[in-house]
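Let's work through a few exercises together, one step at a time. Have a look at the model first, then try each task before reading its solution.

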Amino acid sequence: MWKLPLWLVELLAWGKSFKNNPVIGSYWLNRCGLHVLRVVIAHGLFRFRLLLLAPLVPAADRRAFLRDGYVLKENFLPPEQFQRLRDELLHYEGEVRETVEGTTLTQRTFMTHEVRNGTPQMAAFANDPRLDHLVRYCSSKNRPPLFYVENLCNHANVTPRPDPQRDMHADTFHPCVKGWLYLDPVDDRNGPFVYVPGSQRLGWARLKWEYRQSLEACKKGEARAPGRYWDGSFRVSAQELTEMGFAPRVFRVPANTLLVANVYGFHRRGEANAASHRMTIWMQARDNPFNPIFTPIPRAAGRAFEWVWERVLRRLDGPRELAGEQRRFTGRFSR
């Protein structure tokens, strides 16, 4: 019981684990609607913060984001600038983290402010006012995202294991944003992103589904249906999508396309038909969903947050490397 204060704090923040937090995972509390209540409050505050930040982006982008859950911009950068950026990142050498999911080897490096200082094209992209304003609005946080470079190696020579990224899912119970600038063209060869337009909106069908999933997630052991329930990243079947009136869209897009999406909406990594690579600049912005107003972070505070997050990643890497799930190396991305 000494952990009860921590469990209650997580209840009022972004905690989502039905296994590690017995308050979030309480069957009787969720039978009374705890999970659904958290979902509704988080979405209401999200829409309020979006209203406050509306002047940051054009009306067309606001309408697209509210209607579909994403904003898509092809040819985002001038061709010459994009080519310089792509060349810089293809030849970038630094600390790279690798993880294996299914037959996909994911290579990712955290592009902190210090790292961006040594990569001028990456710094120019991160400081682009159009990108900055769009992510500030879509995340409803009025702060820049965390930046990574991600390289997916499809059908890599790895031991196959379950790939949770290829199951249709929502990342968490509240709206949050991820973004990608595609450095490679994307088609069925290298696994396009799949998103369900409109699934980020709360309707009666989605709320009923959330309620059922919360009760499933509270079950223990063999009583729980297969799938990732306990961690709060709920999986959805094709039949359930049809019953809720949703249809997925596959994003086969050219290089130099920017996609910013609300990953409370259902999404997954598409199947890759061949051994291939897909490199992106990957961005994410996540914060306490129950903060009623946006929290602008000065540049110095943002750099301090990056410094802390980098050290958190290093601590998390230790157990994963020992378990053979992840490793670090210094060098270039595979191509």
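The largest cavity in this predicted model has a volume of about 50 Å³.

**Exercise 1.** Find which residues line the largest cavity, and sort them by class.

*Solution.* Start with the count: there is 1 cavity of 30 Å³ or more.

**Exercise 2.** Decide whether Asp-171 is buried or exposed, and describe its surroundings.

*Solution.* First, locate the residue: Asp-171 sits in the loop between β4 (146-154) and β5 (177-182). Its relative accessible area is 7%, and buried means under 20%, so Asp-171 is buried. Then check the side chain, which makes a polar contact with the side chain of His-169 at 3.3 Å. Finally, leave out residues up to four places away in sequence: Asp-171 touches Lys-16, Lys-178, Gly-232, Ser-233, Val-263, His-267 and Arg-286.

**Exercise 3.** Describe the largest nonpolar core and find which element gives the most to it.

*Solution.* Begin with the core itself: it has 36 residues, and those with the most contacts inside it are Phe-125, Phe-147, Leu-181 and Ile-281. Now turn to the elements: α3 (34-53), α5 (79-90), α7 (120-126), α8 (129-139), β4, β5, β8 (257-262) and β10 (276-285) each supply at least two residues. Among these, α8 gives the most, with 5 residues. Another core lies apart from this one; it has 20 residues, including Phe-18 and Leu-241.

Note on methods
Residues are numbered from 1 along each chain as its sequence is written. This is a predicted model: local features need pLDDT of at least 70, side-chain atom pairs count only at pLDDT 80 or more; totals for chains, interfaces and linings use all residues. Side-chain values use heavy atoms; hydrogens and water are left out. On a 1 Å grid over the protein atoms alone, a cavity is a set of points where a 1.4 Å probe fits but cannot get out, and a pocket is an open set with protein on both sides within 12 Å along at least five of seven lines; lining residues have an atom within 4 Å of a point. Grid points are joined across faces, edges and corners, and a volume is the space filled by probe spheres set on the points. Ala, Val, Leu, Ile, Met, Phe, Trp, Tyr, Cys and Pro count as nonpolar, Asp, Glu, Lys and Arg as charged, and the others, Gly among them, as polar. Helices (H or I, at least four residues) and strands (E, at least two) are DSSP runs, numbered from the N terminus. Buried means under 20% relative accessible area, exposed over 50%, partly exposed in between (1.4 Å probe, protein chains only). A polar contact is a pair of N or O atoms within 3.5 Å; within protein, one must be able to donate a hydrogen and the other to accept it, and residues adjacent in sequence count only if both atoms are side-chain atoms. Contact means heavy atoms within 4.5 Å. A nonpolar core is a set of buried Ala, Val, Leu, Ile, Met, Phe, Trp, Tyr and Cys residues joined through side-chain atoms within 4.5 Å.
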